[in-house]
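This report looks at a few residues, at a contact between chains and at a ligand site. Keep the structure open while reading.

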Amino acid sequence: MVASEAVGRYRLLTVDGVDQPPAPGQFYMLATAERWGGEEGRPWLARPFSHATADPLTFLVDPVGPGSRRLASAAVGEELLALGPLGRGFALVEGRRALLVGGGIGVAPLAALAEALDGSCEALLGFRDEPCARAARLVTATEVALASDDGSVGRRGFVTELLAERLARSDHEDYAIYACGPEPMLAEVGRIARAWGVPCQLAYEAPMACGYGACFGCAVATRTGFVRLCLEGPVLDAYELGDTGGDG
Amino acid sequence: MADEHTTGEGAAGDRDEPPAIGGWRPPGRVFNGSGTFDALAALAVFGDALLERFPFDVYVSKTITREPRVGNPPPRIAETAAGMVNSIGLPNKGLARFLAEDLPRLGELPVPVCVSVMGHSGDELAALVAAVGEREEVAAIELNVSCPNVESGLVIGQDPGETARAVARARALTTKPLVVKLTPTASDQAAVARAAADAGADALSLVNTFPGTVFARGRPLLARGHGGLSGPAIKPLALAQVRTVAAAVRIPVIGMGGIAAVADAEDFLAAGASYVAVGTANFRDPLAALPIRKALRAM
Ligand SMILES: Cc1cc2nc3c(=O)[nH]c(=O)nc-3n(C[C@H](O)[C@H](O)[C@H](O)COP(=O)(O)OP(=O)(O)OC[C@H]3O[C@@H](n4cnc5c(N)ncnc54)[C@H](O)[C@@H]3O)c2cc1C
Ligand SMILES: Cc1cc2nc3c(=O)[nH]c(=O)nc-3n(C[C@H](O)[C@H](O)[C@H](O)COP(=O)(O)O)c2cc1C
Ligand code: FES
């Protein structure tokens, strides 16, 4: 790791030595080479992280548990283990302007998408509060609208409210939506997009032990049954999601 | 220096050449644990480079059942200290599609293939063993007996009589080497092991996962409430069971449970295993077994 910088509540890690260029929405399994397994034997497995920029390769880490805290506190110069790039990223819809919708740490893959689009996209980003919202600067879209739970930045309320208003405008057919954030937010983004008939891709999360299809732990229900999110995702088409009860 | 060959322990795994499994001599000592490495998915992700550095000497498939299964609802996994619990629920495409779609491709791997099967009744098991046993891609069959027999309600691998019946039925249907994967929850593991050996098993593999769960904020993290514990967390439990079973039978033992490094594998060999399998450690690193494979080959 060559740099580590605070971005509000989050930590932005810059790494080198990974040659294969990732596509926006793909992810890596990350761990530190040393002292992984610190707090009462956790973390033991590596952790999935989307890259926030491809050049240089950066990751935006929200320190929520032992693995993400360990990564966020890794020292500059410390060796990280990175397996990837893994999974399927965003598939750009031809001829439609990209509308990026992010919640919290979900801005990470959207930053990578904006980077890949050279900024020619619009973004609606929602955060809990101001320290989280500082990550908005990573999303280099030409137009950015913000919302926050506490009203400290942008509109008070949910980013999905911004989305509903945006699509209520007459030009909604020009857009394709690319979203990442907490699951309830993604579910709502998918509902809104389907209601307007707008193409929509959602970068999902699931617990992942391996990231390369070995454990079957990352199952997500789609219309055709469970899929392994690390192989078929993490980006899924909002029109393909479903509900699968599982085996008895 | 103590004479290793008089201490009993360390003597069992004769270190020059491991014993044959039935008539079969695996090309090395390192297997993968069933369900912990999907070779076809790994090939799709990592490409042919994986074939040049294939981490195992023998590839064991995920457990196949006669009918397709979609598996358990998520969340299916949770990490715990030096390990994880899983309730994956054996998702698989069922026997027919496995034979038609997957097995021909598994047959192209650079190592022999062992197919793991599980039947919830004698007939189901018989159908699996007969069909898998016919296929030339298959070097060996592993019977996963960690499931209830729907006819008796007893978990097959917890009961010596049930185990003997299942193994005898399978034995009559195939000449392929038969590995029986024991259940770690049997009250008398040595008795089950002997029953399997007497009924015609060519090798025993252990351990499977131990029942376990992880709670967060007062609730289990897994949708199913609990699952199976694996990883370094279970290594001492696994070593003890391997030691007990290896002392109880004359057929080879494939030892597993928390193996993540060469030293772990050596402990299992010292406890009486002739072969080892790497499971959960593959999740951390798809090539975790490679140094172990190299070290045991050089032995
Ligand atoms: C494809 C993908 C991309 C991702 N990209 C990013 C990203 O760019 N940036 C980012 O910050 N995050 C990202 N994540 C999320 C990130 O992987 C998780 O936040 C991280 O794995 C958490 O690990 P941890 O050890 O810090 O926390 P954990 O201890 O794993 O806890 C995380 C949450 O899970 C629960 N939990 C799980 N296991 C246990 C347990 N054994 N005991 C108690 N609670 C448990 C807790 O309730 C907690 O809320 C991504 C996830 C996926 C799947
Ligand atoms: C996610 C997962 C899936 C598994 N699936 C199977 C399976 O399909 N059949 C089986 O016999 N064992 C299965 N196992 C058990 C492993 O093969 C192995 O016996 C066990 O995990 C102990 O070894 P380990 O600690 O090295 O993982 C599974 C284990 C895990 C963690
Ligand atoms: S994370 Fe292991 S199969 Fe997807």
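## A serine in a loop

Ser61(B) sits in the loop that joins strand S2 (59–60) to strand S3 (77–80) of chain B. The model is predicted. Is Ser61(B) buried or exposed? Its relative accessible area is 2%, and buried means under 20%, so Ser61(B) counts as buried.

Leaving out residues up to four places away in sequence, Ser61(B) touches Ser34(B), Gly35(B), Phe98(B), Cys114(B), Val115(B) and Ser116(B). With Ser116(B) there is also a polar contact: the side chain of Ser61(B) comes to 3.1 Å from the backbone nitrogen of Ser116(B).

Apart from neighbours within four places in sequence, Glu17(B) has contacts with Arg25(B) and Arg29(B). Pro27(B) is 10 residues from Glu17(B) along the chain, and the C-alpha atoms of these two residues are 10.0 Å apart.

## Where the two chains meet

Chain A brings 30 residues to the contact and chain B brings 35 residues. The size of an interface is often given as the accessible area lost when the parts come together. Between chain A and chain B the buried area is about 2,600 Å², and carbon and sulfur atoms account for 64% of it.

How many salt bridges cross the interface of chain A and chain B? There are three. One of them links Arg42(A) to Glu79(B), with the closest N and O atoms 3.0 Å apart. On the side of chain A that touches chain B, the elements giving two or more residues are strand S6 (80–86) and strand S14 (225–228) of chain A. The residues of this side comprise 18 nonpolar, seven polar and five charged.

## The ligand site

Ligand 1 is surrounded by 25 residues, and the closest are Pro48(A), Leu60(A), Gly67(A), Ser68(A) and Glu79(B). The surrounding residues come from chains A and B, so the site is shared between chains.

A side-chain N or O atom of Arg42(A) is 2.8 Å from an oxygen atom of ligand 1. For Glu79(B), a backbone N or O atom lies 2.5 Å from a nitrogen atom of ligand 1. Gly67(A) places a backbone N or O atom 2.6 Å from an oxygen atom of ligand 1.

Technical notes. Residues numbered from 1 in each chain as written. Chains lettered and ligands numbered in written order. Predicted model: local features only at pLDDT ≥ 70, side-chain atom pairs only at ≥ 80, totals over all residues. Heavy atoms only, no water. Contact = heavy atoms within 4.5 Å. Buried area = accessible area lost by both parts, 1.4 Å probe. Salt bridge = Lys/Arg side-chain N within 4 Å of Asp/Glu carboxyl O. Helix = DSSP H or I, 4+ residues; strand = E, 2+ residues; numbered from the N terminus. Nonpolar A, V, L, I, M, F, W, Y, C, P; charged D, E, K, R; others polar. Buried < 20%, exposed > 50% of the residue type's maximum accessible area, 1.4 Å probe, protein only. Polar contact = N/O pair within 3.5 Å; in protein donor to acceptor, adjacent residues only side chain to side chain. Near = heavy atom within 4 Å.
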